[in-house]
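Please look through the sequence and the model first.

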Amino acid sequence: MVDRYKGRYGSALEPQSYLGQNYFTVDRSLIPDVLQLLRDEDQFDYCVDITAVHYPKREKQFDVLWNLYSYARNERVRVKTQIADGESLPTVVPIWATANWLEREVYDMFGIKFDGHPDLKRILLPDGWKGHPLRKDYGILQQDQEWVQINLGIESGQ
Amino acid sequence: MSAETKSDPENSLSNLDLEAPERPHLDSNELIINMGPQHPATHGVLRIILRLDGERVLGTECVIGYLHRGVEKIGENRTYAMFNHYVDRMDYVAAVSNGLGYCQAVEKLMNVEAPPRANYIRVILTELNRLASHQLWLGTHALDIGAMTPLFYTFRDREEILKIFEKYCGARLTTHAFRIGGCLYETYAGFEKEVKNYLKYLAPHIDEYEELLTGNRIWLERTKKVGVISGADCIALGVTGPVLRASGVKWDVRKAQPYANYSDFDFEIPTGENGDTFDRYLVRMAEMRQSLRIIEQAVNGIPEGPIMAKVPKVIKPPVGEIYHSIESPKGELGYFIVSDGSTQPYRVRVRPPSFVNLQALDRMVRGMMVADVVAIIGTIDIVLGEVDR
């Protein structure tokens, strides 16, 4: 399987493995093609999770990960890509319906936009909130004080 | 429930007009109503905006996040050992499972394996916790539907499990029972006997729960053909746990990718056929019996030996990333941890089963009656502490 993907995409796709867990590091341009292919040809029919990691010192600040599982093969694979701040990604909601809330959470927590998402808005934080808490430059005590004052009627949420 | 006008700009309802099912014969105006966030049947603070035609649900929108505490952010700012407490506060009715998943993920990242005795203790406590979680689910779910008696029965029996937890580690609910590398506490004197006695005690009581409900006509009317979801829909929506199994997909992380010595034990994966609320009830009842089987084998086969692997005082996993998942009572609970080689995780991602399963609510309630919404929220078995984290 790895050879097949490597043959098709060449250097844009890097198969890797750590502690027995396999992942593909792919170029942003291959999303969502490679994900569609994984589901259609290799039966990765269950999208376990979508998440991101923030590396503020890197030029391409975000790692975005799709964590997939195949019921038929009983195998897991992660697909990983790097994007810069402000760059968006195509949605995978048409591939896995579960991506709807997972992408909304990534948007809420990191501010990464997904093009074509049916209803991209915040999910855990209130709609009017400013900032994306899981970015590394967002302090652990930081809050949107203005939102707290207007909506909760208190001076500070701390 | 309070009525809400349709033109309220505060609430964006763009999700609600998707593919409305064919209009039933009820001749009434469409109505948007708000259920929750303070509603006894939402099992926490969950707000559901319902679009109704008479009594029939045309669409829903869940508003969540009321209990958001930023658990993942806290994880990045605590050491590996310190964060171990916090995971118990996500799914607080199954705290032991949460702790097991986290400890094992960090162990995998450090390439450490817990000793066999620790694994057996872990399995016993985790399965007891599964029983406690299912008992709490059954009691509250039946209460939502109008059957009050099961609540008293299940809470009476759950109490005994909590007493075992309290004797073992001093806490009843947020147990913090395990440590990275194994268990901190050896079993107390009489632990095995107490667990065995409890198994003997509970087996006839599960039959008793079933006597109250399985043949009960009101229960059947309220649960059969309510909230039907197909296996294919479950897979597309990422639904796991008893909800997936009740739709006929025989999949359980404990069997598919065994962890913590689960491969040593002989047990079955109960499945349903119809994917309705009644089948989900049956699957969970059968699962409780399977848990009894697992605990019995574990108590009888518990080996002697150390309970803690060699783990340094300061936990510093090498640079890398890991995903580890376990079968919590709600479904697949996963931890994705990125280490930068320091004492604190660079990123901790929790893959919460309740959050993902709740997304299927909309699919399950369309075309149902308002009263069924309550039954369907109960049958998914969500814990809002885990949904919102």
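A:F110 counts as buried, at 1% relative accessibility; buried means under 20% relative accessible area, exposed over 50% and partly exposed in between, with a 1.4 Å probe and protein chains only. A:F62 is buried as well, with a relative accessible area of 1%.

This is a predicted model, in which local features need pLDDT of at least 70 and side-chain atom pairs count only at pLDDT 80 or more, while totals for chains, interfaces and linings use all residues. Residues are numbered from 1 along each chain as its sequence is written, chains are lettered from A and ligands numbered from 1 in the order in which they are written, and side-chain values use heavy atoms, with hydrogens and water left out.

**Aromatic pairs**

Over all chains, a search of the whole structure finds 23 aromatic pairs. Rings of Phe, Tyr and Trp (its six-membered ring) pair if their centres lie within 6.5 Å; planes under 30 degrees apart count as stacked, over 60 as edge-to-face and the rest as tilted. Two of the pairs are set out below.

| Pair | Centre to centre | Angle between planes | Class |
|---|---|---|---|
| A:F62 and A:F110 | 6.1 Å | 85° | edge-to-face |
| B:Y262 and B:F267 | 6.3 Å | 65° | edge-to-face |

The pair in chain A links distant parts of the chain, 48 residues apart: A:F62 lies in strand β4 (residues 62-70) and A:F110 in helix α3 (residues 99-110). Helices (H or I, at least four residues) and strands (E, at least two) are DSSP runs, numbered from the N terminus.

In chain B, both B:Y262 and B:F267 are buried. These two belong to one aromatic cluster together with B:Y120, B:Y259 and B:F265.

**Interface of the two chains**

Contact (heavy atoms within 4.5 Å) joins 47 residues of chain B to 44 residues of chain A. Between them the chains bury about 3,900 Å², 52% of it on carbon and sulfur atoms. Buried area is the accessible area (1.4 Å probe) that two parts lose on being put together, summed over both. On the side of chain B, the residues that lose the most area to chain A are B:K73, B:E321 and B:Y346, together 17% of what that side buries.

There are eight salt bridges between chain B and chain A, each a side-chain nitrogen of Lys or Arg within 4 Å of a carboxyl oxygen of Asp or Glu. One of them pairs B:R349 with A:D49, whose closest N and O atoms are 2.8 Å apart. Strand β7 (residues 320-328) of chain B gives the most to the side of chain B that touches chain A, with five residues.
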